[in-house]
There are 2 protein chains.
Amino acid sequence: MSSDKNKKPKSNDGSLKNTKTVAKLIQKRKTINPNQLFDQLVKGDRIALAKAITVIESARLEDQAIAQNLISKSLKKTIKSFRIGITGPPGVGKSTFIEAIGKHILKDRKKLAVLTIDPSSQVSKGSVLGDKTRMQDLSANKKVFIRPSAAGETLGGVARKTRETITLCEAAGYDTIIIETVGVGQSEIAVHSMVDAFCLLLMPGGGDELQGIKRGVVEMADLIAINKADEDRMEMAKKSRAAFKNAIHLYPPNENGWDTKVLTCSGLNNKGIDEFWKELQSYYTHNIKTSYLKKRRTSQSKFWLHETIINHLKNSFYQNPQVAKVLADIENNVIEGKISPFQAAEKLFDSIREE
Amino acid sequence: MSSDKNKKPKSNDGSLKNTKTVAKLIQKRKTINPNQLFDQLVKGDRIALAKAITVIESARLEDQAIAQNLISKSLKKTIKSFRIGITGPPGVGKSTFIEAIGKHILKDRKKLAVLTIDPSSQVSKGSVLGDKTRMQDLSANKKVFIRPSAAGETLGGVARKTRETITLCEAAGYDTIIIETVGVGQSEIAVHSMVDAFCLLLMPGGGDELQGIKRGVVEMADLIAINKADEDRMEMAKKSRAAFKNAIHLYPPNENGWDTKVLTCSGLNNKGIDEFWKELQSYYTHNIKTSYLKKRRTSQSKFWLHETIINHLKNSFYQNPQVAKVLADIENNVIEGKISPFQAAEKLFDSIREE
């Protein structure tokens, strides 16, 4: 009885427990030794990897210094990794697909990390339960590391953290990285700019599911899979596949000469998944042979360098109190056609100079 | 004989003639009275319009002040204009198409201006001969104003000048503006961001002509025409049309609910051109009814305001001598994976602060 009484407050009094846990965490964080953490991470310690990512995601100044140290060290640990982006409209079955393809990937490659980009995510840093429930088998596998998106961040912030998390994962020996995006807003472009292969999942049907997808995303895809091609929808899926195959030829060719592949599959019934993984591998091999992989990664690095610069410049400009004060008015004048956009821009810069 | 002798130096000694002309021009320019010029322009004086555009294109400070004055005045003269963008790969027959559709346009609308965006253009400001030869009938028509792209400019510069030229043309009563782009680089995106309808011309065939078109342009099109659908290529053109019609349905729908139309036509034989113009008018009416025209123009104005701001910020940053000094090295370090793109960006900003 007394032991039961003691247990109850422990499990129910979340606030007390949390306060203690948070205090403990802070205590722990203070004693982070980047060298030690990195050594553990390289040895494949998943807790160390998770901790390192949390440091990267942290806004605290002392953490940022450690984060930079960890990234610099990780960059020196290059491995031949394969970075795969997966996108698709909500309900297309991305998690089930990843759960299914993950098993095939692990037959050929050493370790798999699954990261998510979701700028709209309100998931707190610790709660990976959502993702773990979505991918039960993978999350139980010791060769797999699953990490949800950092929460409450701008897309730029999430993108940076995801790029840096890729670096940490690769240093930890994860030679295959899947980056899943929820398929809203600009996140596909961000993911496309950090992967070697960009896959689009679609549902069998007439294209209604494309409602949620931004224009231009179909053209970004290196591989397209008509998922949920189950018994009752097989005919429809085959039709969709044929239609997309024809459509692909009417669009400008890929820079690397690759013919975008369209396949049908069922993540749920594990059908066509092996074929999809084989196509992905062919694509990877094609890009290594043609040196396109290196070219793509180089241009991605440049893209993120300049994207970061531009974001920084934009933030300092728009956060300038003088700009913030007059921007709405000037923007309205532009919309109402009282002033040209170019004159308006000049006016804004003048207002800063006069300051 | 003596008259021949006198003639020869005149026609051959270009330098002398040019010097005189230039001096005259400068003299003329100095005496520009913006109020008078604007009044002439509004009355439909084509020479005044051409002169006003030259002022806009001028880099001279005194001209810029006059240009701003002219644009401010023009912005107050709003008319119900229809701005049409036309793009397509080289050789698709854009000029012949414009020459053909121009005649149909003039049956329904008052006046037509044809502007070109070509950041690669080396054509000097005065030489409109190229365009006039390309569109002989239109250039002889007093209701038509043809102006080639400003030369030797960045895309940003050309875009600004084209946007401002549209404003001047509308003040001069040109209620229909065609903006033609040569179909290279980023110019399609710029044109798409300044028109009410974006048309893509393609050739009958298997898609080889898409080589020159940037990915994403097909999805930007509101209307697609398979041009050069002449007798011997009619079957092929019909096939291309059917294929594109099917493909369109597999791509995300347009924001305004408009179903992208695909037609066949022949600019050379004036076939299908009337139908194309009718579709363009339906599109315009659809957008007026749904208020999408206003929405699109509002977002375009905002786009150009912020685009100008960003370009200005980028220019000042990259032209900073400190940045210019270290950028190449830092970029190389990023490409070689010695430093992350985000660390590199911070390093660049630090180097300016330390200055």
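In chain B of this predicted model, 7 strands form an open sheet in the order 3-2-4-1-5-6-7, with parallel pairing. Strands are DSSP runs of E of at least two residues and helices are runs of H or I of at least four, both numbered from the N terminus; two strands count as paired if DSSP finds at least two bridges between them. The edges of the chain B sheet are strand 3 (144–147) and strand 7 (261–264), each of which pairs on one side only. Neighbouring strands of the sheet are turned by 20° against each other on average, direction ignored. Angles here run from 0 to 180 degrees between N-to-C directions, and the axes are lines fitted to C-alpha atoms, for helices over the stretch in contact.

Within this sheet, strand 1 (residues 82–87) and strand 4 (residues 176–181) of chain B pair in the parallel sense over 5 bridges, and B:I84 stands opposite B:I178 in strand 4 of chain B. Helix 13 (residues 273–289) of chain B packs on the sheet, touching strand 1, strand 5 (197–202), strand 6 (223–226) and strand 7 of chain B; contact means heavy atoms within 4.5 Å. The direction of helix 13 makes about 175° with that of strand 6 of chain B.

Residues are numbered from 1 along each chain as its sequence is written, while chains are lettered from A and ligands numbered from 1 in the order in which they are written. Because the model is predicted, local features need pLDDT of at least 70 and side-chain atom pairs count only at pLDDT 80 or more, whereas totals for chains, interfaces and linings use all residues; side-chain values use heavy atoms, with hydrogens and water left out.

Chain A holds an open sheet of 7 strands in the order 3-2-4-1-5-6-7, with parallel pairing. Its edge strands are strand 3 (144–147) and strand 7 (261–264) of chain A, and the twist averages 20° from one strand to the next. Strand 2 (residues 112–117) and strand 4 (residues 176–181) of chain A pair in the parallel sense over 6 bridges, with A:L115 opposite A:I179 in strand 4 of chain A. Helix 12 (residues 234–249) of chain A lies across strand 5 (197–202), strand 6 (223–226) and strand 7 of chain A, at about 180° to strand 7. Helix 13 (residues 273–289) of chain A lies across strand 1 (82–87), strand 5, strand 6 and strand 7 of chain A, at about 175° to strand 6.

Turning to the interface, 60 residues of chain A are in contact with 60 residues of chain B. The two chains bury about 5500 Å² between them, 66% of it on carbon and sulfur atoms; buried area is the accessible area (1.4 Å probe) that two parts lose on being put together, summed over both. In chain A, A:R215, A:L250 and A:F342 lose the most area to chain B, together 15% of what that side buries.

The count between the chains is 2 salt bridges, each a side-chain nitrogen of Lys or Arg within 4 Å of a carboxyl oxygen of Asp or Glu. B:R160 forms a salt bridge with A:E346, the closest N and O atoms being 3.0 Å apart. Among the elements that give two or more residues to the chain A side are helix 9 (155–171), helix 14 (292–319) and helix 16 (341–354) of chain A. Helix 14 of chain A provides the largest share, 14 residues.

Over all chains, the structure holds 30 salt bridges. A:R353 forms one with A:D350, the closest N and O atoms being 2.7 Å apart. These two residues are separated by about one helical turn, because they lie 3 residues apart in helix 16 of chain A.
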